[in-house]
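Subject: The structure, and what turned up in it

Hello,

Here is the structure I said I would pass on.

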Amino acid sequence: KGVMMFFKMSDGEVFSTEVFDSIYPYVEYVDDDLLVAANSDSLITVSKTASIDTKKDKITSLWTRAVDSNIIISIDTMLKEGFCVSFGSSDENSGNSKVVFYNKKGAVSETTEYSERIKSVKSGKNSFIISSDSSLYMLSKKFKKQSEFKSLSEVEVTDFINDERVLVQM
């Protein structure tokens, strides 16, 4: 069983608790009382308000492994915009991946398929870095390709330095 507890910053008091059948090791803030949570078998959004009225509180299932045999490889949020998820085969030698951008309401906004295993997605303020073993794709927040980099060495780590520069470690 997994438990999510919600605290108020002002006094440290618990205002809500949710119990799940499994643990969600990845949880990130997206926007206005909305969190995205993921594990190897599911992707959910959790909406919580710190009020007595819990009618606005909601847990929404976006994806389950029972419906799709792929696994979640990487996930990252773009604050106030949504979150980006890379799905692929559990077989690391399989070369197909799908990258999905969910808007801040949890609806699918963009989907792109790749003929290589996408092992990392990173969100910046206005763009995304999507990387495989030997490629780096820089996309706008509208998911349009801005540039591409092919490497002879294996790409290990990618991240934003600022809005216009990217760190690539090989």
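A word on terms before the tour: a residue is called buried when its relative accessible area is under 20%, exposed when it is over 50%, and partly exposed in between, using a 1.4 Å probe and counting protein chains only. Those accessible areas come from the Shrake-Rupley method, and for residues only the protein chains shown count as cover.

Please keep in mind that this is a predicted model, in which local features need a pLDDT of at least 70 and side-chain atom pairs count only at pLDDT 80 or more, while totals for chains, interfaces and linings use all residues. Residues are numbered from 1 along each chain as its sequence is written, and side-chain values use heavy atoms, with hydrogens and water left out.

**Confidence**

The pLDDT is the predictor's confidence in each residue, on a scale from 0 to 100. Across the protein it averages 87, and 97% of the residues score at least 70. Strands here are DSSP runs of E with at least two residues, and helices are runs of H or I with at least four, numbered from the N terminus.

**Salt bridges**

In one of them, K48 meets E18 with 2.5 Å from N to O. This pair links distant parts of the chain, since K48 is in the loop between β5 (42-47) and β6 while E18 is in strand β2, 30 residues apart. K48 has a relative accessible area of 7%, so K48 is buried.

K48 also forms a salt bridge with D57, at 3.7 Å from N to O. D57 counts as buried because its relative accessibility is 16%.

Another salt bridge joins the side chains of K141 and E81, at 3.2 Å from N to O. K141 lies in the loop between β13 (135-140) and β14, and E81 in the loop between β7 (71-78) and β8, so this pair ties together parts that are 60 residues apart in sequence. K141 counts as partly exposed, at 32% relative accessibility, and E81 is partly exposed too, at 29%. As for networks, salt bridges that share partners join E18, K48 and D57 into one.

**Aromatic pairs**

Rings of Phe, Tyr and Trp (its six-membered ring) pair if their centres lie within 6.5 Å; planes under 30 degrees apart count as stacked, over 60 as edge-to-face and the rest as tilted. By this rule there are 8 aromatic pairs. W63 and F87 make a tilted one, with 5.1 Å between centres and 50 degrees between planes. Because W63 is in strand β6 (residues 58-64) and F87 in strand β8 (residues 82-88), the pair ties together parts 24 residues apart in sequence. W63 counts as buried at 8% relative accessibility, and F87 is buried with a relative accessible area of 1%.

F101 and F128 form an edge-to-face pair, 5.3 Å centre to centre with 65 degrees between the planes. F101 sits in strand β9 (residues 97-103) and F128 in strand β12 (residues 127-131), so this pair connects parts 27 residues apart in sequence. Both F101 and F128 are buried, and together with F143 they form one aromatic cluster.

F87 has a charged neighbour as well: K98 lies over its face, 5.7 Å from the ring centre. The rule there asks for NZ of Lys or CZ of Arg within 6 Å of the ring centre and within 35 degrees of the ring normal.

**On the surface**

V3, M5, F7, V14 and V19 make a nonpolar surface patch of about 470 Å². The elements giving two or more residues to this patch are β1 (2-7) and β2 (14-20), and β1 gives the most, with 3 residues. V19 is in strand β2 and counts as exposed, at 55% relative accessibility. Patches are made of residues with over 30% relative accessible area and no salt bridge, joining nonpolar side chains (Val, Leu, Ile, Met, Phe, Trp, Tyr) within 5 Å and like charges within 9 Å.

Lastly, S69 lies in the loop between β6 and β7 and is exposed, at 63% relative accessibility.

Best wishes

Note on methods. Accessible areas come from the Shrake-Rupley method with a 1.4 Å probe; for residues, only the protein chains shown count as cover. A salt bridge is a side-chain nitrogen of Lys or Arg within 4 Å of a carboxyl oxygen of Asp or Glu.
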